[in-house]
Amino acid sequence: MKAIGALAFAVLLLAVVASAIAVVWARHQGRVAFVQLTQLQNQRDALNVDYGRLELEQATWAAPGRIEQIARGQLGMVDPAPDQTELIRQ
Amino acid sequence: MNPRAPTPPPMSARRPPAPNPRKRLVLVLFVLGCVSVGLIARAIDLQVIRKQFYQDQGDARFLREVPIPVSRGTIFDRNGVPLAVSTPVVSIWANPSELMDHADQIPELAKALDVDASELSKRLKERSEREFVYLRRQMSPEAAQDVLNLGIPGVNSQREYKRYYPSGAVTAHVLGFTNIDDRGQEGLELAYDSWLAGKPGLKRVIRDAQGRTVEDVEQIRAPVPGHDLTLSIDSRIQYLAYTALMQAITKHTATSGSMVILDIASGEILAMVNVPSYNPNAIDGSEAAARRNRAVTDVVEPGSTMKTFTVAAALESGKWTPTTPLDTTPGSLTLGGHVFKDTHSHGLIDVSHMITYSSDVGAIKISQTLTAEQMWDMLHRFGFGQSTGSGFPGESTGYLPVPRKWGVLTKANISFGYGLNVTPLQLAQAYAAMANDGRIREPTFVRGADNPVNDILDPRIAHEVMQMLQTVVTPIGTAPDAAVTNYTVAGKTGTSHIATGGGYADKYFSLFAGIIPAGDPRLVGVVMIKDPGGHGGEYYGGLVAAPVFSEVMTGAMRLLDVPPDNVQRWYAGGPQTPPPAAPIGTIARSRDP
């Protein structure tokens, strides 16, 4: 009886120590993962910054006002007159 | 001999009794015991009873919960062109008490921040009790990094977002703008604020004594980024409308103007522009009046554009058909001591030509056969005097008096568009319903919104009215200038005096509401121009507002690939431009019987 009690005590003690270490380990893993997440988020944000800027840049270059100015001013383009248009019946 | 030298004590006669070692031991143990008990009690107090308090206090010294900012959703036009984009910027803040300990570095800091040094010190002194003061908000990330690189204690950064509007003044009124905290203040930015904004997250970080983040510990709440929003606006048509309206307003030296274009099949708003406008990227320089979305917030007496609905009520009553004769001789009519005049007598015409020539006398004569309830009901069904349901902030409902308040004069006035007022958007909605076989839809700013129709008029009557409206955009009608080559156009002009405090001024609203192609309606366009003065003093809707419609729709038909519906003329006579506009009066007179 005594031996069984001692054995049980030892097992439980080991289990307690093991679970304590597991908690510490899990905590640590959590922190490592969070640091990684933060890094990736920062990376994502940096890419988003670039994307937003490129989007803005594209919108600025493609502004209808600018295109019209270049088309009419520099390239001398005009709206086709009705007699220059051919209508095709589908 | 030194008088102050101590004198030795006299030899004592008796020595004190020797101490009892046992008693002494008990006393010492007792004292030590008390001390131990005290220590244990204190330890229990600290470690058990008040543990949480001290733990929290300790954590509070270095653990901080900081928000994770989220970006606001992008607003796109119907073709995916970005109209409002959030880009990250950096705000610099400081802990004043810490920063004031290094006051010698303030000039350097002020230079990097590009602010006045004495101003900065003053601000810091005033707020020295606080722990947080913004030094400068919304700097570009590069400039902010330069500030942080100075390494001044107590100076920190915080990421925020700023809104940019690439299309600038063209879509300014529809989109509205956000404030410095990136919350919507006007327009659709306000209407869809909660959808666009998202929810900032929360994370726990370790900070050092300087307030710098040393380590991210854990995420408490995940950030929810804002949703994107796709509008019904077509930025190409929007641009066309803005430039055409701007040109017309400059040419006629008008004070303001609006244009609305609706897609008839879906009720979607393809374009909504106002002049004057403002630059939404630099709101501070603009006047409040220029920031109003007049197409939705401002009302106007619609003038002759209301005759369309007077005629619809007349046809519905069964008392009139499009060909019922109508005598407008002698071109004026006296009612309740008030004289109503046409520009000249149109003589004996029919209901259809009342619309063609826009005869006020004809409209009044028709209205005299109708009850106030019949006319009110028609206008009410077409949405006048009520919100359109577009959800735009600050939308005006307009004004439509209830029929029991209508006197003889009110009824006459309303028959040709006075005594009530409407917004350009309401007018567009009503004409879209007429073009859509008498089925009304709520106009919407969002692409693909669920938008059921509501039957409000017999389709046959709607068709008859559409036929009449087509005669307006002919050489004999009031708006030949609204014609679009190779397309049929239906529409109605309107010219109304601007009401002032005491009555009507010698100033006008010029209106045109048009539908294109009339054969298979796709778009409705409403143009409203306020107080045109220059260019020969023209102010008729057919001369001021109609050409804007024609110009914008010519481009819109091409952009949307709408097949021409005026092909008969095209094949028979070859391509041709519409006949030049002749003075309305002379042509109209030549048609008089």
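Me: Morning! Why is strand β9 of chain B largely enclosed by the rest of the structure?
Reply: Morning! In this predicted model, eight of the eight residues of β9(B), residues 256-263, are buried, so the rest of the structure largely encloses the strand.

Me: Which residues lie on one side and which on the other?
Reply: B:Ser256, B:Ser258, B:Val260 and B:Leu262 are on one side, and B:Gly257, B:Met259, B:Ile261 and B:Asp263 are on the other. All of them are buried, with both faces of β9(B) covered.

Me: OK, and what does β9(B) pair with over eight bridges?
Reply: That's β19(B), residues 523-530, in the antiparallel sense. Within that pairing, B:Asp263 has B:Leu523 as its bridge partner. β9(B) also pairs antiparallel with β10(B), residues 269-275, over six bridges.

Me: Which residues of β10(B) stand opposite B:Ile261 and B:Ser258?
Reply: B:Ile261 faces B:Ala271, and B:Ser258 faces B:Asn274.

Me: What about the hairpin, how many residues sit between the strands?
Reply: Five, and B:Gly267 in that hairpin takes a positive phi near 75°.

Me: Zooming out, what's the strand order in the sheet?
Reply: β10-β9-β19-β18-β17 of chain B, an open sheet of five strands with antiparallel pairing. β10(B) and β17(B), residues 490-499, are at the edges with a single partner strand each, so each has one side without a neighbour in the sheet. From one strand to the next, the twist averages 10°.

Me: Which helix lies across β9, β10 and β19 of chain B?
Reply: α10(B), residues 235-251, and it runs at about 30° to β10(B).

Me: Changing topic: how many residues are in the largest nonpolar core?
Reply: There are 128, and B:Phe309, B:Phe382 and B:Phe384 have the most contacts inside that core. Helix α17(B), residues 424-435, supplies the largest share, nine residues.

Me: And what does B:Phe309 touch?
Reply: Leaving aside residues up to four places away in sequence, B:Phe309 touches B:Met378, B:Leu379, B:Phe382, B:Phe384, B:Ala430, B:Tyr431 and B:Met434.

Me: Last one: what does the second, separate core include?
Reply: That core has 16 residues, among them B:Ala94, B:Leu99, B:Leu113 and B:Leu124.

Note on methods: Residues numbered from 1 in each chain as written. Chains lettered and ligands numbered in written order. Predicted model: local features only at pLDDT ≥ 70, side-chain atom pairs only at ≥ 80, totals over all residues. Heavy atoms only, no water. Core = buried A, V, L, I, M, F, W, Y, C linked by side-chain atoms within 4.5 Å. Buried < 20%, exposed > 50% of the residue type's maximum accessible area, 1.4 Å probe, protein only. Helix = DSSP H or I, 4+ residues; strand = E, 2+ residues; numbered from the N terminus. Contact = heavy atoms within 4.5 Å. Pairing = 2+ DSSP bridges. Axes fitted to C-alpha atoms, helices over the stretch in contact; angles between N-to-C directions.
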